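The sequence and structure come first.

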Amino acid sequence: MALLKISEPGEKLAIPVHRFAVGIDLGTTNSLVSTSSGQDIEVLPDDAGNYLLPSVVQYSAEVDPVVGKIAISAAINDPKNTISSVKRLLGRSIEEVLTAPQFKHYDFDTQRTDSIPAIITAAGIKDSVQISADILRTLVDRAEKFLGGKLEGAVITVPAYFNDAQRQQTKDAARLIGLNVLRLLNEPTAAAVAYGLDSRDEGNVVVFDLGGGTFDVSLLSLKKGVFEVLATSGDTLLGGDDFDYLLAAWIKSEASPTTELNPMEEAELLRLANLAKHQLSDQNETSLNYLGWSGVITRAKFAKLCESLITRTISTCRRVLRDASLSIEEIDNIVLVGGSTRMPIVRDSVAEFFGKVPLTDFDPDKVVAIGAGIQADVLIGNKSVDDFLLLDVNPLSLGIETMGELVEKIIPRNTTIPAAKAQEFTTFKDGQTAMSLHVVQGERELVSDCRSLARFELRDIPSMVAGAAKIRVTFQVDADGLLSVMAEELSTGKTAEVQVKPSYGLDADSIEKMLSSSHENAKEDMEIRALREAQIEARQLIDAISSARSIDGQLLIAQEAVRIEEVVVELQLLVEQGTSVQIHELTEELNRLSSEFASRRMDLHIGEALRGESIDEVEQ
Ligand code: AMP
């Protein structure tokens, strides 16, 4: 450690204190830890020089849990006590994991009441948080040994689509081993952090992240060291494991389709499939031996087997482009992240779709950990925060219910957060003194097709004619995704407010469903919106004419009154049965018919005002 200069009286010494923080990529298949080595961020290897720590934990009654490579070899002989892909258990209910084929060789504790999946092992019952904590502990030990001191904290990366429960359980795992979480960082954002500092590229970048168990595509705009996430999409149930399952199923069908496999044989089959998959990344074909059967699989055959998985990844890229309103030509670079992007079929398909060769400057396994390490270094105070900004996006539109059970979107999907937007609303009825506010989330036009987030009321609105009150509704989403909605009546300053976490209980599947249903129903939604708006406009005019007649009916000429009445009746009928165009046209007609009556009223009231009443009173 460098010695510090002794300060002279009056001399102000800036004392650089290097503090220890790490970035952790807690992956489904492998985990990594990185830290600042002064200038650069380094991914730390274990004693044997391996920087990837397999996210596998073996429990036994006699010794502490074994994590990593040794545990992988144990999986074959001791599958029930050797837990892999624990990340896929995080935030899931016991019901979900009991039916998932990849977990069927574990004995889950079905008696638990907290619904966190827990596995019965030789070392006792271990839940998903404890298992994740054992992986984290191994990484922290590795880092503390390297740094020669205690860590002050870590930035841990999570998939962009992790919901609140999954994020919380990741934090809980850290807390269990006394590790301070400086921040959870989305994996694609971490990759962007790494590239933003080390590459000179500017423009639009797609981060294509295909790991062991999750898939994320993000569209980022890189400008002068500032990253903005324009759009993200993904699939929490797609990854390298799925390529293994498909290949394993093919091997099984070739070797011995009818044999029932025991858990040990299944683990062995998966290991064989995984090995063959890796070999096919370097060579054109590989030979296989299983249960006495010998065969060969070529790259082309493997590509054919995995066609459906590749199609899913490309559809996601297409969706992200559509969400960001960008064309393929506007993408300058594609960054590949995750071990599965080593597969030539993945690289080729991405290159073919974007018409560009993807960037592979960084090792696809390390890039997320590097970004997390950089961010940890900033958060711990070793680097200026001004060095770069991190921006995230709001995954689904946030809006408010308006008349006709329609949704007015205030903060659209994929808006960069933190974000704040305000919009003015008014009252629908004369003398309306309270307004009910219903905050919703989703892409559809009708409230019934969106997710209800919160309801609250603004009271004590001064009594005015319909449309006169001004209510400003402000939506504010902070950096952690917390939404505050405030309604303010502008003449009195009276306010009401609510706070809600829009991501609560929202997982990738529900986001996907909400997005696809909005695309499927776009046309019908627009039609129903137009109809409801026309109906509201018509009803408002009918109400306004009726109230004007009750006050100033004497100003109507008899013939005019009859004609207006006829059209009002006709419009009332049309509102129930007509199309939006018909209703709109007749509303216009009624507007024209009543316009002279309206100007006579105006003249009368201005005359009254000139005789001493204030304009305000007249308007009231
Ligand atoms: P990650 O979660 O990013 O560590 O990704 C791990 C996934 O990448 C696993 O499914 C691995 O089988 C896969 N993977 C790693 N290296 C290769 C390779 N050379 N070829 C094919 N897949 C690979």
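The model is predicted, so local features need pLDDT of at least 70 and side-chain atom pairs count only at pLDDT 80 or more, while totals for chains, interfaces and linings use all residues. Residues are numbered from 1 along each chain as its sequence is written, and side-chain values use heavy atoms, with hydrogens and water left out.

**Salt bridges**

Side chains of opposite charge can pair when their charged atoms come close. A salt bridge here is a side-chain nitrogen of Lys or Arg within 4 Å of a carboxyl oxygen of Asp or Glu. The count by this rule is 34 salt bridges.

| Pair | N to O distance |
|---|---|
| Glu187 and Lys87 | 2.8 Å |
| Arg92 and Glu96 | 3.2 Å |
| Arg342 and Asp365 | 2.6 Å |

Helices (H or I, at least four residues) and strands (E, at least two) are DSSP runs, numbered from the N terminus. Glu187 forms a salt bridge with Lys87. Because Glu187 belongs to helix α5 (residues 187-198) and Lys87 to the loop between β7 (82-84) and α2 (94-98), this pair ties together parts that are 100 residues apart in sequence. Glu187 is buried at 4% relative accessible area, and Lys87 is buried at 8%.

In the pair of Arg92 and Glu96, Arg92 is buried at 16%, whereas Glu96 is partly exposed at 36%.

Arg342 pairs with Asp365. Arg342 is partly exposed at 35%, while Asp365 is buried at 12%.

Salt bridges also link Glu408, Lys409, Glu445, Arg529 and Glu533 in a network.

**Helix packing**

Helix α1 (residues 69-77) packs with helix α7 (residues 263-282) at an angle of about 135°, and their axes are 7 Å apart. Axes are lines fitted to C-alpha atoms, for helices over the stretch in contact, and angles run from 0 to 180 degrees between N-to-C directions. The two helices α1 and α7 are therefore oblique to each other; angles under 35 degrees count as roughly parallel, over 145 as roughly antiparallel, 65 to 115 as roughly perpendicular and the rest as oblique. Ala75, Ile76 and Asn77 of α1 meet Met264, Ala267, Glu268 and Arg271 of α7, contact being heavy atoms within 4.5 Å.

Note on methods
Buried means under 20% relative accessible area, exposed over 50%, partly exposed in between (1.4 Å probe, protein chains only).
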